[in-house]
Structures are given as C-alpha cells and as structure tokens.
Amino acid sequence: MQPDDLAAVYHIQTLAYVSAMVESPALLASRLAAAPDCTWVAEHDNQVVAYLAAYPSVHGRVSALGQDFQVAHIPNALYLHDMAVAPAQAGQGLARAMLASALAHAGEQGWRYACLVSVQSTRSYWQGLGFIEQTDLNEEQTIKLASYTGPAFYMVKEL
C-alpha cells in the first residue's frame, strides 16, 4: 500500500463496513506511516480493489476501533486490523491471496501468531482459515474489544 492508494482504500472501506466502523482517511494515513511493511493492496486494471492493513503486535493485545496502531517494539504477532474487498471483486480469492502474503511476511519476521478482531459475522470465515477465538482477555483488552459495533471476537492463529 502506498499513500496514493488511500482514497481507494477509504472508498472500499465505506462499501465493506457499517458506517459506525468506517475509520477516517487521516487515521488510515497514520496507520500506513506506522507500519508500511505490513499493508497490502490488490489491483485490477491499475485500480485498488482490495486491501489489508496490519501491524507488528503482541499476542493478546487488541487494537481498538478508531485508534492508531500501537506497533510493538518486540513483536511476536502480526495483527490483522482491516481487510476488505470491493464488492465487484468479491469471490475471486483476493482476500486469501493478501492474507497469504501477510502470513508469509509474519513468518519471515519470526513472529509466532496472527491476530485479529472478527466483526460483521465473519467469525466462521476466519475459523475456516485456522483462527481460533481467544476469550481469556484481560480487562483492558476486553474494553478495546467492546469498541467495535456489534459482536466482535478476538481470534488467533499460531504460525
């Protein structure tokens, strides 16, 4: 992902998420600056049609909705904060391809986990990819999890 991609990323986000979970263009730019090696896009006809925004984190740490990435100084996990595909390109394997790139990157870094918050009825999708819900969160992380609209589940995959 590059700064020039952010307008398209924001547009895809508005199509993929309920309005209460759409995050501002300024926040997207801040996150890209914080973890540029952990963000990916997929293109079709030179247009961004999907994206994945992630960052180096620590297993058990939840990223609150609408907050800057808290990049870990000594990470052991890749936190997958946001992945979306434009509706016109849904079902073409773009999300899985981006996820494969992200998990390969995490493996190259020696990180042991991939973590995420599942929202908008995606828990079974992530379970199908080997992620397991983790419910034994401390109070601070439980509060962060509650920042999401609707049911939200912290999920982990061991790499």
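Author: Of the contacts (heavy atoms within 4.5 Å) between residues at least 6 apart in sequence, 67% join residues at least 24 apart. The model is predicted: local features need pLDDT of at least 70, side-chain atom pairs count only at pLDDT 80 or more, and totals for chains, interfaces and linings use all residues. Residues are numbered from 1 along each chain as its sequence is written, and side-chain values use heavy atoms, with hydrogens and water left out.

Reader: What pattern does the chain follow along the sequence?

Author: Helices (H or I, at least four residues) and strands (E, at least two) are DSSP runs, numbered from the N terminus. Here there are 5 helices and 6 strands, in the order α-α-β-β-β-α-β-α-β-α-β. The radius of gyration, taken over C-alpha atoms, is 14 Å, close to the 15 Å that the globule rule (2.2 Å times the number of residues to the power 0.38) gives for 159 residues, so the chain is as compact as a globular protein of that length.

Reader: Which residues of helix α2 are buried?

Author: Buried means under 20% relative accessible area and exposed over 50%, with partly exposed in between (1.4 Å probe, protein chains only). In α2 (residues 25–34), L27, L28, R31 and L32 are buried. Their directions from the helix axis to the C-beta atoms fall within an arc of 140°, so they line one face of the helix. The face turned away from that buried side carries the exposed residues A26 and A33.

Reader: Against which elements do the buried residues of α2 pack?

Author: They pack against α1 (6–16), β1 (39–44) and β3 (77–85).
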